[in-house]
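Welcome! Have the picture open as you read.

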Amino acid sequence: MSDLGAGFGYLMKGQRWVARHGRWFGFGLLPGLVTLVVYAGALIGLGYGADDLVGWATPFADDWSSPWQGLLRTGLTALVFVFGLFLAVITFTAVTLLVGQPFYESLSEEVDRSEGGEVPESGLPLWQELWISARDSVRILLRVALYGIILFACGFIPVVGQTVVPAIGFCVSGYFLAEELTAVALQRRGMVLKDRLVLLRGRRLLVLGFGVPLVLSFLIPFVAVFLMPGAVAGATLLARDLVDPDPDPDNGPGTADSGDAPAPRAWSA
């Protein structure tokens with residue numbers, strides 16, 4: 001359980017890092033602000049159109065008597081909006097990271113530089129980095145969508161659907177949110193998606209301790225934008241210690257250690 005607290009500690013360390021480096025905080029805000037405007041419009045549209053969507057999808061309930069028709073459609077409308085919000089929380093980070101790839105790469109490199117040791121660089125042109133990020137984000141989002149559909153269906157189970165299922169949903173969201181954020185630093189270290197997932201699975205509680213509080217805070221309007229720079233900084237610090245959990249003090253901080261981390265693989269476009 002100590003890993004849960006340690007994961008939350010990395011989130012706080014990242015926020016403190018950007019607080020001490022105000023220029024980088026402002027630099028990291030820009031992609032989130034752009035993405036927020038787009039997502040706010042999409043969620044407002046979903047809020048207005050969810051009831052019409054549910055009405056179209058449930059024609060069998062047109063002749064139901066009150067209150068059963070209202071209960072069914074109100075419940076489904078709420079689930080549709082919650083599902084949309086669930087996807088928004090996950091995809092917000094992916095889209096923001098894609099839009100802000102050059103911004104967050106520079107921010108992550110600066111965190112590495114401030115911590116000492118080697119500052120890894122991918123050595124790839126920007127277009128190829130964007131392609132790899134977009135491709136990996138789609139793969140992650142497909143996984144999230146699959147979990148989302150399963151959890152959406154489980155939401156109809158009495159009691160369990162209103163208690164256990166939301167808790168699992170936050171854990172799933174937090175895990176993949178942490179993956180998206182640590183990807184910025186781990187991609188620069190040459191780690192492909194498969195290896196990143198293996199690395200994170202080895203420290204699930206640590207990853208959840210970082211990601212779940214971030215997901216919960218992202219539910220508050222505008223908070224995601226202001227936490228993103230610190231989240232990227234914290235994820236970089238987390239990635240450093242995941243890859244090099246016990247650096248040799250004689251070689252200085254950031255020195256690679258074989259540990260249990262997967263060996264980086266060569267990039268493939």
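## H5 meets H7

Asp136, Arg139, Ile140 and Arg143 of H5 touch Leu193, Arg196 and Leu197 of H7, where contact means heavy atoms within 4.5 Å. Sorted by type, the residues of this contact are three nonpolar, no polar and four charged. Here Ala, Val, Leu, Ile, Met, Phe, Trp, Tyr, Cys and Pro count as nonpolar, Asp, Glu, Lys and Arg as charged, and the others, Gly among them, as polar.

Helix H5 covers residues 126-154 and helix H7 residues 193-201; they pack at an angle of about 50°, with axes 11 Å apart. H5 is therefore oblique to H7. Angles under 35 degrees count as roughly parallel, over 145 as roughly antiparallel, 65 to 115 as roughly perpendicular and the rest as oblique. Axes are lines fitted to C-alpha atoms, for helices over the stretch in contact, with angles running from 0 to 180 degrees between N-to-C directions.

## About the model

This is a predicted model, in which local features need pLDDT of at least 70 and side-chain atom pairs count only at pLDDT 80 or more, while totals for chains, interfaces and linings use all residues. Residues are numbered from 1 along each chain as its sequence is written, and side-chain values use heavy atoms, leaving out hydrogens and water. Helices (H or I, at least four residues) are DSSP runs, numbered from the N terminus.

How far apart are the end C-alpha atoms of helix H6? They are 41 Å apart, which agrees with the 42 Å that its 29 residues (160-188) should span at 1.5 Å a residue; the expected span is 1.5 Å times one less than the number of residues. H6 has a kink of about 40° centred on Thr182, the bend being the angle between axes fitted to the seven residues ending there and the seven starting there. Just after H6, Gly190 has a positive phi of about 80°.

The axes of H6 and helix H9 (residues 223-243) come within 7 Å and cross at roughly 50°, so the two helices are oblique to each other. Thr182 also takes part in this contact, and its H9 side includes Met228, Ala231 and Val232. By type, the contact has ten nonpolar residues, two polar and one charged.

Helix H1 (residues 2-20) and helix H2 (residues 22-57) pack at about 110°, their axes 5 Å apart. They are therefore roughly perpendicular. Trp17, Val18, Ala19 and Arg20 of H1 meet Gly22, Trp24 and Phe25 of H2.

Which residues does Glu110 contact, leaving aside neighbours within four places in sequence? Glu110, in helix H4 (residues 101-115), touches Trp17 and Trp24.
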